[in-house]
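Please keep the sequence and the 3D view at hand while reading.

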Amino acid sequence: MSAHSDTLDEIFETFAALAPDIRASLPGRRVKSDETNPSGETRLEADAYADELIEDAVAEIDGVGIYASEEQADPVDVGDGPVSIACDPLDGSSNIKPNSPMGTIIAVYEGELPASGDDLLASGFVLFGPILTMTVARDGDVYEANVGDGEIDVIDDDVTIPDEPVVYGMGGRVPDWTDGFAAFIDEVEQEYKLRYGGAMVADVNQVLTYGGIFSYPALQSAPNGKLRLQFEGIPMAYIVESAGGESSDGSGSILDVEPTEFHQRVPVHLGNAELIDRVETHLADA
Ligand code: F6P
């Protein structure tokens, strides 16, 4: 049983309860606001709304001390509790315009931020797909639940990545890939099926469902890639590793990456161990 078990229960119940409200808010908030987030990306009204809703709700949880959001420059003090939440309120929100899936990513750390994989207590994501689901990794196990009614209704209490990989999906423009990554993709495209939707949560969930690999690699123009360590890299790596897969920043587990900055980026590879080993070998050989 993890430390802060009651607080973790309350946190995931809170995100389950918020999910239908966030989904209901989307149709009227597809438009861009005139703001950018701390990573320089244009915010949608939906990003801002979800962020406010989540901050207000988690501030009510006794065990929570800090709420940090990909949408805000600095962590916010929301109480006296020992637990920090790092959240990407609407991951892949550019998918709202074409009405494609996206999600919310939740990382729960013990202590101050930025934190490392060692400090992670649990993580999860809500997937705004055709079905509203939440996937949570705690104590090394992963469950998937329906949350359409705002309650956690577990539909799979042992999410495990299939042994045989089927799909691959990767971000970044092809001319911007490094030679090692391009060589890896040359190989996998002969064997597996390309599936890429542009929202990490949905793309990783395909890998959890069918087996395979999701990458947002180091690019020539961006050696640390695009995705953020605290908000995306560590929580999604913990889910995939707990489901029997592996994670890598190109040379080792994302859970071992040293955090230096709050909004730091990290190359991300998540999937079956065999494919993670292969991408690491190609990157090391190039
Ligand atoms: O970080 C936000 C995000 O939308 C991720 O969910 C997704 O994996 C990535 O960016 C998509 O980036 P691109 O549009 O470059 O493929």
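Which residues are around the ligand? In this predicted model, the residues around the ligand are D91, G92, Y196, G198, A199, M200, F214, Y216, K226, L227, R228 and E232. Sorted by class, this shell holds six nonpolar, two polar and four charged residues.

Several members of the shell can be followed to individual atoms of the ligand. On the backbone side, a polar backbone atom of M200 is 2.8 Å from an oxygen atom of the ligand. Two side chains also take part. In K226, an N or O atom of the side chain is 2.9 Å from a ligand oxygen atom. In E232, a polar side-chain atom lies 2.8 Å from an oxygen atom of the ligand. Taken alone, the ligand exposes 400 Å², and the protein buries 79% of that area.

The ligand sits in the largest pocket, which contains about 560 Å³ of space. This pocket has a lining of 29 residues. Those nearest the centre of the pocket are E41, G92, S93, S94 and K226.

What classes of residue make up the lining of the largest pocket? The lining has ten nonpolar, six polar and 13 charged residues. As for secondary structure, the strands β2 (42-44), β5 (83-91) and β13 (212-216) each supply at least two residues of this lining.

Two points of backbone geometry remain, and each involves a loop. The loop between β5 and β6 contains N99. Although N99 is not a glycine, it has a positive phi of about 55 degrees. The peptide bond that joins L113 and P114 is cis, with omega about 0 degrees.

Technical notes:
Residues numbered from 1 in each chain as written. Predicted model: local features only at pLDDT ≥ 70, side-chain atom pairs only at ≥ 80, totals over all residues. Heavy atoms only, no water. Near = heavy atom within 4 Å. Polar contact = N/O pair within 3.5 Å; in protein donor to acceptor, adjacent residues only side chain to side chain. Areas by Shrake-Rupley, 256 points an atom, 1.4 Å probe, with all protein chains shown as cover. 1 Å grid on protein atoms, 1.4 Å probe; cavity = no way out; pocket = protein on both sides within 12 Å on 5 of 7 lines; lining within 4 Å. Sits in = over half its atoms within 2 Å of the grid points. Nonpolar A, V, L, I, M, F, W, Y, C, P; charged D, E, K, R; others polar. Points joined across faces, edges and corners; volume = space filled by probe spheres on them. Helix = DSSP H or I, 4+ residues; strand = E, 2+ residues; numbered from the N terminus.
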